[in-house]
Amino acid sequence: MINEVVKVHDKFSVEIKMGYEPRKDRKVNELSVKTWLFVPSSLDINSSTYQKEDFYNDFNSNIRLITPPYLLRDIALGNHSVFRYLEDAFQEVANHPTQKNENNYEYHIRMFHTILRSALRKEIQHIIRNEQSDDRKYLIGECIANMKKIGQRYRDLRRIVNVPTIRKEMFDYYLFGDEFMSNQFEEYSLYLYRGLRKLHHSDFEQNKTAILELIRVENAYKRSKGYLVVEEKPNDKNRWFVHRNGAFRKYFEGQLLLTSRKKKEGVFIMQLLYSLAAGLAMIFGATLTFIFQKSLGTFTIPLFVALVIIYMLKDRIKDLSRLYLVGKINKRFFDHKTVIQVKGDEKIGWCKESFDFVREDSVPLRVMKHRDRSRIIDVESRGVGEKIIFYRKLLHLDQKALDNSYGNYNITGVVDILRFNVSRFIQKMDNPEIPLYYLKDDDEFEKISGEKVYFVNMVLRFKLDDQTSYRRYRIIFNRRGIKKVEKV
């Protein structure tokens, strides 16, 4: 199963998040993703101005494991909760502070907070989207109660590791988790507060006090422990709060990030083709040399001139042969192959990717149908057309290695997060505002501004086993940045 989310990441970046849950009954699973970007010619993005290196600098990819699915209530109350793994790891490192136990202790802290963040997000989203008032009332109360129980249970573990056998560095990992957890409770309580106020006003009025009380309690707790809190006036503390919370997110969520070793695809074949091109040129040169030497004799001026010309032709033939052969082979090979590893050295699969500009007549008819170009686009691009970027990725996963990667935690699949920066695309854009004139009732014209925007259409084709699906998205942006990304 494939789930994709395409959204604006920041002012100049689009995020494409693809969740991939492979089939458990297969030894090897493969996912193919092909992307066509239809770029207006007026942006001057083509094979001369936009090289492979530019694309891979703009197109950043990270692959991580899907966060193990846990309900918030199961974390708070379940007998088989992640708290059990956490408490066992705490006891082990306190009684036997070996390197192995310390690594296991840090690992379970990071997994716990990653799982908790995911559970909080899903719980709050479920509450806000719920259509039944009675269900929302129950779920809100349970959510607040579960956050309090989880906070208390985690903070009770402090007694286990606050002992002489635990090094300060190890104890700091626990404190980092405590501070990050408190920040998450505050963030998602605010998310719930704003969501209810916007969509479910009666539930908001009934639960406003309880939500605000939870936030105040967490703020008071952070102040008592010396953790940073958001201050009313902008100052250095707020700057450090943002930096510190961002560092915590990267640290804890990085536990599920897969490491990789990237290498160029088809290096041996490429060198073989270069040698073949040189050999062809040499055969051509040697043959002509033999013919001219036989007809013109040895050490004559005509032979000297002929040899110079033969050398010039041989050199050009070698370069032309290389271009031709490499062009042919590049259609079969990918640009890069990335070996995907977990825990540093355990290989669970690989990923291949390639980029190129393609002609419209090489784009599959099904893709052009999804592109569904309007008549105004046909008129606008007549004579120059759209430039089409073709990006493909092939992901290969070893199911057994994936199942064994994280022990007791249920890993259901991987998430591929692509971030595409459009900064290079805005350099040739017109001004973002165009003056317009509106005729008023008093026969006077009022000068107003019209926004100038550009559209990049993106068609994605997903292929998993024998299932193929297509999606189309439109990126709307101008020189000021991305306005929005919409599914078409």
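**Surface patch, cores and loops of the predicted model**

Isoleucine 434 is found in strand 10, where helices (DSSP H or I, at least four residues) and strands (E, at least two) are DSSP runs numbered from the N terminus. The model is predicted, so local features need pLDDT of at least 70 and side-chain atom pairs count only at pLDDT 80 or more, while totals for chains, interfaces and linings use all residues. Residues are numbered from 1 along each chain as its sequence is written, and side-chain values use heavy atoms, with hydrogens and water left out.

With 34% relative accessibility, isoleucine 434 counts as partly exposed; buried means under 20% relative accessible area, exposed over 50%, and partly exposed in between (1.4 Å probe, protein chains only). Together with Leu436, Tyr438 and Ile448, Ile434 makes a nonpolar surface patch of about 340 Å². Such patches are made of residues with over 30% relative accessible area and no salt bridge, like charges being joined within 9 Å and nonpolar side chains (Val, Leu, Ile, Met, Phe, Trp, Tyr) within 5 Å. Strand 10, residues 433-439, supplies the largest share of this nonpolar patch, with 3 residues. Aspartate 443 has a positive phi of about 65 degrees although it is not a glycine, and its relative accessible area of 61% makes it exposed.

Turning to the whole protein, there are 14 helices and 14 strands, and 45% of the 488 residues are buried. The accessible surface comes to about 27,700 Å², with 52% of it belonging to carbon and sulfur atoms (Shrake-Rupley method, 1.4 Å probe; for residues, only the protein chains shown count as cover). Of the contacts (heavy atoms within 4.5 Å) between residues at least 6 apart in sequence, 72% join residues at least 24 apart.

In soluble globular proteins, nonpolar side chains tend to be buried together. Here the largest nonpolar core has 107 residues, and Ile75, Ile150, Tyr174, Ile389, Phe425 and Phe477 have the most contacts inside it. A second, separate core of 9 residues includes Phe38, Ile388, Val459 and Tyr470. Each core is a set of buried Ala, Val, Leu, Ile, Met, Phe, Trp, Tyr and Cys residues joined through side-chain atoms within 4.5 Å. Not counting residues up to four places away in sequence, isoleucine 389 touches partners including Trp36, Tyr50, Phe355, Asp356 and Phe425.

A charged residue also lies inside: glutamate 106, found in helix 4 (residues 99-129), is buried yet has no salt bridge, meaning a side-chain nitrogen of Lys or Arg within 4 Å of a carboxyl oxygen of Asp or Glu. The nearest side chain of opposite charge, arginine 110, is 4.4 Å away; Lys and Arg count as positive and Asp and Glu as negative, with His and the chain ends not counted. Leaving aside neighbours within four places in sequence, glutamate 106 is in contact with Tyr173 and Tyr251.

Phenylalanine 12, in the loop between strand 1 (2-10) and strand 2 (13-20), is partly exposed at 22% relative accessible area. Its C-alpha atom is separated by 8.5 Å from that of arginine 480, 468 residues apart along the chain. Contacts of phenylalanine 12, beyond its neighbours within four places in sequence, include Phe420, Ile426, Arg480 and Ile482. Aspartate 372 lies in the loop between helix 12 (365-371) and helix 13 (375-381) and is exposed, with a relative accessible area of 53%. Aspartate 372 and valine 488 are 9.8 Å apart, C-alpha to C-alpha, and 116 residues apart in sequence.
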